[in-house]
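Biologist: Hello! Could you walk me through this structure, one question at a time?

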Amino acid sequence: MIFQEKYTLNNGVTIPKVGFGTWLINENDVIEAVKNALELGYRHIDTAQAYENEFGVGEAIRTSNINRSDIFLTSKVAAEHKTYETASQSIDESLAKLGLEQIDLMIIHSPQPWSEFREANYDAENLEVWRALEDAVKDNKVRAIGVSNFNQHDMENIMKFAKIKPAVNQILAHISNTPFDLIEFCKQNNILVEAYSPVGHGELMKNQLIKEMAEKYGISVPQLAIRYCLQLGLLPLPKSANRDHIKTNGELDFEISDEDFQRLKTIEPIDNYGEASKFPTYSKK
């Protein structure tokens, strides 16, 4: 099963190859969603300070019958925290909300505050946040640290001064919107790429070619999209609050043929993410 397969991060920590995302699942619903995911075999849960559901995620983990050491938990320092002090304090607040002694992976949610996404330079501030993350590792509050939504420049800024190298870069990556150059840069530097919204916030469901290919394999469009990410060497983070969808999203015991894989790599990019277009990462602001 895919849930038993793992990548090894550049600090030696292992991480399950498929995660369970919790973006836009509110505090009330996230407990059941995470419990369902854990019962179905997922062992990698992804949350963030900005999701405002860390308490629920922690509650689901703490009240499960699964050893804490068998669950990999990620959270993210909110994009607006751009000082050492606020980042450090936020990590302590995350631990308190989660009700846990340690977070497996803590990452910077964005190189800029969302209101200034891709429009301002926060290189110096990101180094302060990174220093807070490094200190959290030293204090055993966090096992691994990384970034999210960072482009090559943002990553090079961190890597130039970091004492601890970023372990991951979590980015928007899916069929029809795959940043191959950034992925290659990360691979060359032994930084794992995590793919959030692997189904393109549902927009891939509307693509006729993708639908036909999924039918050919006897699977769903989300399964095809998640498998695509895995075959690129990425770590996909599908999310759903529906137990049936959570289950099928983890049934990935098939291989996309080389010919079909190449076709998927060249599909026309999505220009409109519908309701999700208001988010900076989708609007390409």
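Modeller: Happy to! This is a predicted model. By class, the lining of the largest pocket holds 16 nonpolar, 15 polar and two charged residues.

Biologist: Which residues lie nearest the centre of the largest pocket?

Modeller: The largest pocket has a volume of about 750 Å³. Its lining is made up of 33 residues. Those nearest the centre are W23, S197, H201, K239 and Y282.

Biologist: Which helices each supply at least two residues of that lining?

Modeller: Let's look at the elements behind the lining of the largest pocket. Two that each give at least two residues are α9 (243-249) and α11 (280-283).

Biologist: At roughly what angle do helix α1 and helix α2 cross?

Modeller: Two packed helices are described by the angle between their axes and the distance between the axes. Here α1 covers residues 27-39 and α2 covers residues 54-62, and their axes come within 8 Å. The crossing is right-handed. Its angle is roughly 35 degrees.

Biologist: How many charged residues are in the contact of α1 with α2?

Modeller: From α1 come E27, V30, I31, V34, K35 and L38, and they meet E54, F55, G56, V57, E59, A60 and I61 of α2. Sorted by class, the residues of this contact are eight nonpolar, one polar and, for the charged class, four.

Biologist: What covers the buried residues of α2?

Modeller: The buried residues in α2 are E54, G56, V57, G58, A60 and I61. Their cover includes α1, β4 (44-46), β5 and α3 (84-98).

Biologist: Is S75 buried or exposed?

Modeller: S75 is found in strand β5, residues 72-77. Leaving aside neighbours within four places in sequence, its contacts include T47, E54, S94 and I107. Buried means under 20% relative accessible area. S75 has 0% relative accessibility, so S75 counts as buried.

Biologist: How far apart in space are S75 and P238, C-alpha to C-alpha?

Modeller: Along the sequence, S75 and P238 are 163 residues apart. In space, C-alpha to C-alpha, the distance between S75 and P238 is 15 Å.

Conventions: Residues are numbered from 1 along each chain as its sequence is written. This is a predicted model: local features need pLDDT of at least 70, side-chain atom pairs count only at pLDDT 80 or more; totals for chains, interfaces and linings use all residues. Side-chain values use heavy atoms; hydrogens and water are left out. Axes are lines fitted to C-alpha atoms, for helices over the stretch in contact, and angles run from 0 to 180 degrees between N-to-C directions. Helices (H or I, at least four residues) and strands (E, at least two) are DSSP runs, numbered from the N terminus. A crossing is left-handed if the near helix is turned anticlockwise from the far one by less than a right angle, and right-handed if clockwise. Contact means heavy atoms within 4.5 Å. Ala, Val, Leu, Ile, Met, Phe, Trp, Tyr, Cys and Pro count as nonpolar, Asp, Glu, Lys and Arg as charged, and the others, Gly among them, as polar. Buried means under 20% relative accessible area, exposed over 50%, partly exposed in between (1.4 Å probe, protein chains only). On a 1 Å grid over the protein atoms alone, a cavity is a set of points where a 1.4 Å probe fits but cannot get out, and a pocket is an open set with protein on both sides within 12 Å along at least five of seven lines; lining residues have an atom within 4 Å of a point. Grid points are joined across faces, edges and corners, and a volume is the space filled by probe spheres set on the points.
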